[in-house]
Amino acid sequence: MHELSLVMNIVEICETEARRDGFSQIERIVLDVGTLSGVSVPALCFSFEAAVVGTVLESAELEIFEIQGSGWCIHCQKTVPLKDLLCSCPLCESGGVLPTGGMEFRIRELIVVDHQGKGGP
Ligand SMILES: [Zn+2]
């Protein structure tokens, strides 16, 4: 499953960050997922549940930030909304639309659990 390898990659990035910054748990993770990225959000959530066991993401809350697809229409000379990669321009109905947004898949935000035993100054 494609989504599982994406999640494994995310877990790896987080584990590396955790080692570098010295935190042990992530409280919340926000992912940017473009509607044209080919990533299935339900499959992603399912894979996440399975892949985070025993990692810094184990108790993290997963939030998905969906980015709508957009493209540049060479006929209209402007950015138009795109529902899928093969979609034609909603304004002039030509097929000459170059996708420019909505293919994202990346970590938008990581909220880390406060370091334990870190009182005082
Ligand atoms: Zn157009």
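Visitor: Where is the place of Leu86?

Guide: This is a predicted model. In it, Leu86 sits in the loop between β4 (78-81) and β5 (97-101).

Visitor: Is Leu86 buried or exposed?

Guide: Leu86 has a relative accessible area of 82%, and it is therefore exposed.

Visitor: Which protein donors does the zinc ion have?

Guide: The zinc ion has as its protein donors the SG atoms of Cys73, Cys76, Cys89 and Cys92, at 2.2 to 2.3 Å. Along the chain, the donors follow the spacing C-x2-C-x12-C-x2-C.

Visitor: Why is the arrangement around the zinc ion tetrahedral?

Guide: Four donors count as tetrahedral if all angles lie between 85 and 135 degrees. Here the four donor atoms subtend angles of 106 to 115 degrees around the zinc ion, so the arrangement is tetrahedral.

Visitor: How many disulfides does the count come to?

Guide: A disulfide is a pair of cysteine sulfur atoms within 2.5 Å. By this rule, the count is zero disulfides.

Visitor: Is Cys73 buried or exposed?

Guide: Buried means under 20% relative accessible area, and exposed means over 50%, with partly exposed in between. Cys73 counts as buried because its relative accessibility is 0%. Cys89 is likewise buried, at 1%. Cys92, at 35%, counts as partly exposed.

Visitor: How are two packed helices described?

Guide: Two packed helices are described by the angle between their axes and by the distance between those axes. In this model, helix α1 (residues 2-21) packs with helix α2 (residues 41-51) at an angle of about 50 degrees, and their axes are 9 Å apart. The angle makes α1 oblique to α2. As for handedness, the crossing of α1 and α2 is right-handed.

Visitor: In which helix does Phe48 lie?

Guide: Phe48 belongs to helix α2. Its relative accessibility is 4%, so Phe48 counts as buried. Between the C-alpha atoms of Phe48 and Leu62 the separation is 8.1 Å, while in sequence these residues are 14 apart.

Visitor: Where is Gln77 found, and where does Glu93 lie?

Guide: Gln77 is in the loop between β3 (70-73) and β4. Glu93 is in the loop between β4 and β5.

Visitor: Is Gln77 buried or exposed, and is Glu93 buried or exposed?

Guide: Gln77 is exposed, because its relative accessible area is 51%. Glu93 is exposed as well, with a relative accessible area of 64%.

Visitor: Let us end with a glycine. In which strand does Gly101 lie?

Guide: Gly101 lies in strand β5. With a relative accessible area of 7%, Gly101 is buried. The C-alpha atoms of Gly101 and Gln25 are separated by 32 Å, and the two residues are 76 apart along the chain.

Note on methods
Residues numbered from 1 in each chain as written. Predicted model: local features only at pLDDT ≥ 70, side-chain atom pairs only at ≥ 80, totals over all residues. Heavy atoms only, no water. Donors = N, O, S within 2.8 Å, 3.2 Å for Na, K, Ca; no water. Tetrahedral: all angles 85-135°; square planar, octahedral: opposite > 155°, others 65-115°. Buried < 20%, exposed > 50% of the residue type's maximum accessible area, 1.4 Å probe, protein only. Axes fitted to C-alpha atoms, helices over the stretch in contact; angles between N-to-C directions. Helix = DSSP H or I, 4+ residues; strand = E, 2+ residues; numbered from the N terminus. Parallel < 35°, antiparallel > 145°, perpendicular 65-115°, else oblique. Left-handed = near helix turned anticlockwise from the far one by under 90°.
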